[in-house]
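Here is a short report for a first look at this structure. Keep the 3D view open as you read.

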There are 2 protein chains.
Amino acid sequence: MTTPIRSNVQALLKSRPSGIPQSEHFEIVTSALPALEAGQLLVRNEFLSVEPAMRGWVNAAANYSDPVAIGSVMRSFAAGVVVASRHPAYAEGDQVMGMLGWQHYAITDGSTLRRKVLERDLSLSLSLGVLGINGVTAFFALTEIGQPRPGDTVVVSTAAGAVGSAVGQIAKIAGCRTVAITGGAAKQQLCLDEFGYDAAVDYKSPTFAADLAHACPQGVDVYYDNTSGEISDAVLRHINKHARIVICGTASVSNWEPWPSGPRVERHLLNKSARMQGFLVWDYEHRYEEAIRKLAPWVRDGSLRYREEILEGIASAPDAIAGLYRGENLGKRLIRLHHD
Amino acid sequence: MTTPIRSNVQALLKSRPSGIPQSEHFEIVTSALPALEAGQLLVRNEFLSVEPAMRGWVNAAANYSDPVAIGSVMRSFAAGVVVASRHPAYAEGDQVMGMLGWQHYAITDGSTLRRKVLERDLSLSLSLGVLGINGVTAFFALTEIGQPRPGDTVVVSTAAGAVGSAVGQIAKIAGCRTVAITGGAAKQQLCLDEFGYDAAVDYKSPTFAADLAHACPQGVDVYYDNTSGEISDAVLRHINKHARIVICGTASVSNWEPWPSGPRVERHLLNKSARMQGFLVWDYEHRYEEAIRKLAPWVRDGSLRYREEILEGIASAPDAIAGLYRGENLGKRLIRLHHD
């Protein structure tokens, strides 16, 4: 890196949404890049992540992380290459991923980095998806909370998504029968053909409830829930004794103000001695590499497949989260950056 | 037993209730007692149990046990003395408890017996309460699902009840701060004076929400839920990271047809990585004696106190369950039988 990089392009949070953030809540700005101080490194982001949880990061309601401040760079995972370093642990050319934000370049003291990406035989983008927060989430949430056993029926909502598709395949590797809940024929087909689900049902279909029952003749042992709402209500009616329900996301609820109501779950849990448990991947930060060591060989041998949907350029960022909630993506949504 | 007993008095289920069973759903009948066959024994019931779960046993809805058939003896735990035996494992004078039904005498082949009651220094009635299903429920549900740690705040609904009062005291023995939720001043006082709760709040008070918040300045680590409904909704707003919610009963819901709605719990569980799990004591049948061995010394040394409310005579049986749901009892409700 002989020419110093002097300017940055960033997606800032302009105003605070209530519910799902839309284009108008962000603005793209060009700004000067400060010089590196001792202990800092400069990362050229190659891929930015887009994920449902980012809705929670920008809303004011008490959540599992402090909300992004108005006027600051949108918080996000990103993966990139170290282009300059005054940090003893990082050298130019290192691949890294971490909470680097929606911007072309990130200056960090290393505290926002999650890991060096050592799988150089695989695309760097995977460190944001199947070998990143999505895969790690799927792995720990399914194995630690879902505790799948051979022969179990595992039902997954948003089954074609970045997390869901990994869940289905990891459950399959564990010897389970897997049932996908997804929206529309294209995603159903993707679940069956690409992600190896044993059955796939469309929650948008008028026959959804009957289709689900038909797909789960032995009941449901593990429900991996990314949606909440009516989809979950339907699944809960089929849980087996000692079922495990993993609460990983609430994608079907567009707004928690006012807080939505639904059929009470207590009786289901009591009658079936069942368990419903929330999963936050942050709780497993210290075990991140353990998951990657499990997942990477499965990716290499083809038993864990993935889909990426790559948006081009930071200009696609402002609408990217809203698009997730419109259900328009097939696979892990990423933004590939184009540096001048 | 030199004079053979020839007649029995039984409380039969006359018609199937929808919701809470009332007096009119039962009838008291006198019938002839058949002679003992080989392998059978005759138990003179001394105490009959009355508990909230019996509502579920008489309703038609799919539940965790088959409903009691119309015209048959009301299913219940009872404790008594063997008065005749043609069974090799039981002798006259043995104290036993088991699913002996609402009747003066029970003939059994032993399969309906849960245990011989060996604590002869204590009242036989305790085998139906604090040293019976209530104590065993409290012990395993709290320790296995609630997993209390010293310093945790443990909130208990129906805190003065047969299960709740034991939960509070076992949590106290485990080093927790205990908060009672109960109805009315008399039960509040009982919780504080008799069962050693650190605080007691009245769910019937207009200031309940504020009182609860005030009683839980450090939030809630374990919620032992016997009620469901609005009481639980209020508690969930205060749960801490990694909280455990034990679903042990749904006393505040008088009817599950139609299924009631309430604020969705998924977001609470997700934001706090919290767990909500149903508990059925039947799952711990094989560990019953293990609990009794823990509980009996606490009863003897006074660290586990209990209240009994004893109704006199089988004629009090038909209204006894309804009375529980009216909240009129203080302590474990039992029926003492008067044999002619």
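Start inside chain A. Strand E11 (residues 220–225) and strand E12 (residues 239–247) of chain A run parallel, joined by five bridges. Within this pair, A:Val222 stands opposite A:Arg244 of E12(A). The model shown here is predicted.

Helix H6 (residues 229–236) of chain A packs on the sheet. H6 of chain A touches strand E8 (153–157), strand E9 (177–182), E11 and E12 of chain A. The direction of this helix makes about 170° with that of E11(A). Chain B has its own H6 (residues 229–236), lying across E8, E9, E11 and E12 of chain B. There, the helix runs at about 170° to E11(B).

## One sheet, two chains

In which order do the twelve strands of the open sheet come? The order is E10(A)-E9(A)-E8(A)-E11(A)-E12(A)-E14(A)-E14(B)-E12(B)-E11(B)-E8(B)-E9(B)-E10(B), and the pairing is mixed. Strand E10 (199–202) of chain A and strand E10 (199–202) of chain B stand at the edges. Each has a single partner strand, so one side of each is left without a neighbour in the sheet. From one strand to the next, the twist averages 15°.

Look at the join between the chains. E14(A) pairs with strand E14 (residues 275–278) of chain B in the antiparallel sense, over three bridges. A:Gln277 stands opposite B:Arg275 in E14(B).

## Where the chains touch

The contact involves 28 residues of chain A and 28 residues of chain B. On chain A, strand E13 (261–263), helix H7 (266–271) and strand E14 (275–278) each supply at least two residues to the side that touches chain B. Which element gives the most to that side? H7(A) does, with five residues. By class, this side of chain A has 13 nonpolar, nine polar and six charged residues.

How are the two chains related? A rotation of 180° superposes chain A on chain B, with 0.0 Å of shift along the axis and an RMSD of 0.0 Å. That is the relation of a two-fold axis. The same surface serves both copies, as 100% of the contact residues of chain A recur in chain B.

## The build of chain A

Chain A has nine helices and 16 strands. Its radius of gyration is 20 Å, close to the 20 Å that the globule rule gives for 340 residues, so chain A is as compact as a globular protein of that length. Along its principal axes, the C-alpha trace of chain A spans about 65 × 45 × 35 Å.

Chain A is divided into domain 1 (7–129 + 307–336) and domain 2 (133–282). The centres of these two domains of chain A, taken over C-alpha atoms, are separated by 28 Å. Their contact takes 14 residues from domain 1 and 18 residues from domain 2. On domain 1 of chain A, the side touching domain 2 divides into seven nonpolar, five polar and two charged residues.

## Backbone details

Check the loops too. The peptide bond from A:Glu257 to A:Pro258 is cis, with omega near 0°. A:Pro258 is found in the loop between E12 and E13 of chain A. In chain B, the bond from B:Glu257 to B:Pro258 is cis, with omega near 0°. B:Pro258 is found in the loop between E12 and E13 of chain B.

B:Thr158 has a positive phi of about 45°, although it is not a glycine. B:Thr158 is in the loop between E8 and helix H3 (162–173) of chain B.

Technical notes
Residues numbered from 1 in each chain as written. Chains lettered and ligands numbered in written order. Predicted model: local features only at pLDDT ≥ 70, side-chain atom pairs only at ≥ 80, totals over all residues. Least-squares fit on C-alpha atoms with pLDDT ≥ 70 in both. Contact = placed C-beta atoms within 7 Å. Helix = DSSP H or I, 4+ residues; strand = E, 2+ residues; numbered from the N terminus. Nonpolar A, V, L, I, M, F, W, Y, C, P; charged D, E, K, R; others polar. Pairing = 2+ DSSP bridges. Axes fitted to C-alpha atoms, helices over the stretch in contact; angles between N-to-C directions. Domains from an automatic or database assignment. Rg over C-alpha atoms; globule rule 2.2 N^0.38 Å.
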